[in-house]
Amino acid sequence: MEQATVDSIAGEAQAQADETLDEAAIGGILHSQAAKLMPVHAFSLALYRRDTQKLEYRYCMENNKNREPCAVSVLAQDCLSAYCVRTGRDILSSDIEKDLLIYCPDMLSRRKNDEGEESMASGLYCPVWFQNRVIALVSVRSRQPAAYDEHHRGILNELCVSAGSALENARLAGEIRQISEADPLTGALSRGAFMELFLQETRRLSHYPDDLGFIIYDLDHFKLLSDTHGPDSTAAILQNSSRLAAKGLRSTDRLARFGDEEFALLLPHTGIEGAAAVAERIRAKFERETMHLAETCIKYTASFGVASYSINDDFDSLRARADKALLYSRDTGGNKVASEKAAAYKPKKQPGIG
C-alpha cells in the first residue's frame, strides 16, 4: 500500500479522534482505520494509569463481538500488553503462543478462548506516547499466523501517534467534568452525576447482562454530632468519611453524596455478596477512625443498606430495597450492614437513631 494512502488514513483517524472526547469512541475510530490497512480479527485500546499501575481497557473487539471492559496490572507476567507498556517497546508477534512463552513465561498457552472460539494466532502491540510518556496501548490481532510485518508495525505506530493527543484531550476533559460533577465539600460525585452514571450502567446491562451492586449509607446520630461539635467539625467528618469510603475502591466504582449525611455507591460487576463485603469494609474503617479536631476526639459510625440490580429495576425500585435494608440497620442499633435480604423487615423507628 502506498505511503500516501497510509498517511491519508492516519490523517483521517486523527481528525475523527480529535472530534470526540470519549475514549471508547476513539478506540472504535482507530479500529475502523486499522482494518482498512491490515487484517484485524481483534482490536483493543487500553489506558495506562500510572497511579494504580493498571491498564484499563476502554475498547475491546474480538471476532466481531464487544468484550467487557476490564483492567490488568502492568506488572502482570501473563500478558503481552502489560509487557509492552512496562518496556515501552512494540511487539510484533508472528506466533502469540510461542511469544507468550518468551515474554511472559508464567502464561499457560491455550488454543481456544473461553467461548470455544479460535484464539488469535498473531498480533501487534504498540504503546501510545504523549510527551515522552506512555499513556495507552493499542493492539491488533489476527487468527492467521504471521499476519503482520514491519510495514504493518509502521502503520500502527502512525495510528498511535494520531491517538496520543486525542486521548490526552479526553483525559483532561474527563478531569474537568469530574470536578464539575463533584460535591464541593466531599469531592464525591453529585447526585445528578451519579444518576447519569446509573443510567449509563443500566443501558450497558441491557446489552451485556452483569451484576451491579448498590450501597446507600447514613452517618449515625448525625444531628447529635452536629449539635455537639458544631458545623465546622461535622463538615470535617463528612470530608473524612468520604475519603475513607473512597479509599480502596476500584476505578469503576463510584461514590456520591446524596444528602447531608447520606452517601451512595455504585459497584459494576459486583453482586449482592460482593457489595455487602465492600460495605462492611467501609463500616469497619469508620468504626476504627478517631478524628482529632481542636483538641477533641471524635468517633463516628454509619449504617448501610445493600441491594443488587435486577433487569426489571429502575433507580427508584433499586433504591427502595436498599433503603429498607438501611432502615433495618439503623433501627436495630446502627453501625451495621444489611442487605435487601432483610426486605421482610417492617421498620420500627427507635428514639435517638438517625
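Tutor: Happy to. This is a predicted model, and its pLDDT averages 83 over the protein, with 84% of the residues scoring at least 70.

Student: Which residues have a pLDDT below 50?

Tutor: One such stretch is residues 108-117, where the pLDDT is below 50. Beyond near neighbours in sequence, that stretch has 19 contacts in the model. Another is residues 350-354, where pLDDT stays under 50 and the model has 10 contacts beyond four places in sequence.

Student: Okay, on to the sheet. What's the strand order?

Tutor: The order is β9-β10-β8-β13-β14, an open sheet of 5 strands with mixed pairing.

Student: Which strands stand at the edges?

Tutor: β9 and β14 (337-339) do. Each has a single partner strand, so one side of each is left without a neighbour in the sheet.

Student: And how much are neighbouring strands turned against each other?

Tutor: By 20 degrees on average, ignoring direction.

Student: How do β9 and β10 pair?

Tutor: They're antiparallel: β9 (residues 254-257) and β10 (residues 262-268) pair over 4 bridges. A hairpin of 4 residues joins β9 to β10, and arginine 257 sits opposite phenylalanine 263 in β10.

Student: What about β8 with β10, how many bridges there?

Tutor: There are 7 bridges between β8 (residues 212-219) and β10, and these two run antiparallel. Phenylalanine 214 is opposite leucine 266 in β10.

Student: Which strands does α6 touch?

Tutor: Helix α6 (residues 191-207) packs on the sheet and touches β8, β9 and β10. The direction of α6 makes about 25 degrees with that of β10.

Student: And α10, which strands does that helix touch?

Tutor: Helix α10 (residues 315-331) also packs on the sheet, in contact with β8, β10, β13 (302-308) and β14. Its direction makes about 145 degrees with that of β13.

Student: Switching to helix pairs: at what angle do α8 and α9 pack?

Tutor: About 140 degrees, with the axes of α8 (residues 231-246) and α9 (residues 272-288) 9 Å apart.

Student: Why does that count as oblique?

Tutor: Roughly antiparallel takes an angle over 145 degrees, and α8 and α9 are at about 140 degrees, so they are oblique to each other. Their crossing is right-handed.

Student: Nice. Which residues make the contact?

Tutor: From α8, Ser241, Leu244 and Ala245; from α9, Ile282, Lys285 and Phe286. By class, that contact has 4 nonpolar, 1 polar and 1 charged residues.

How values were computed: Residues numbered from 1 in each chain as written. Predicted model: local features only at pLDDT ≥ 70, side-chain atom pairs only at ≥ 80, totals over all residues. Heavy atoms only, no water. pLDDT = per-residue confidence, 0-100. Contact = heavy atoms within 4.5 Å. Pairing = 2+ DSSP bridges. Axes fitted to C-alpha atoms, helices over the stretch in contact; angles between N-to-C directions. Parallel < 35°, antiparallel > 145°, perpendicular 65-115°, else oblique. Left-handed = near helix turned anticlockwise from the far one by under 90°. Nonpolar A, V, L, I, M, F, W, Y, C, P; charged D, E, K, R; others polar.
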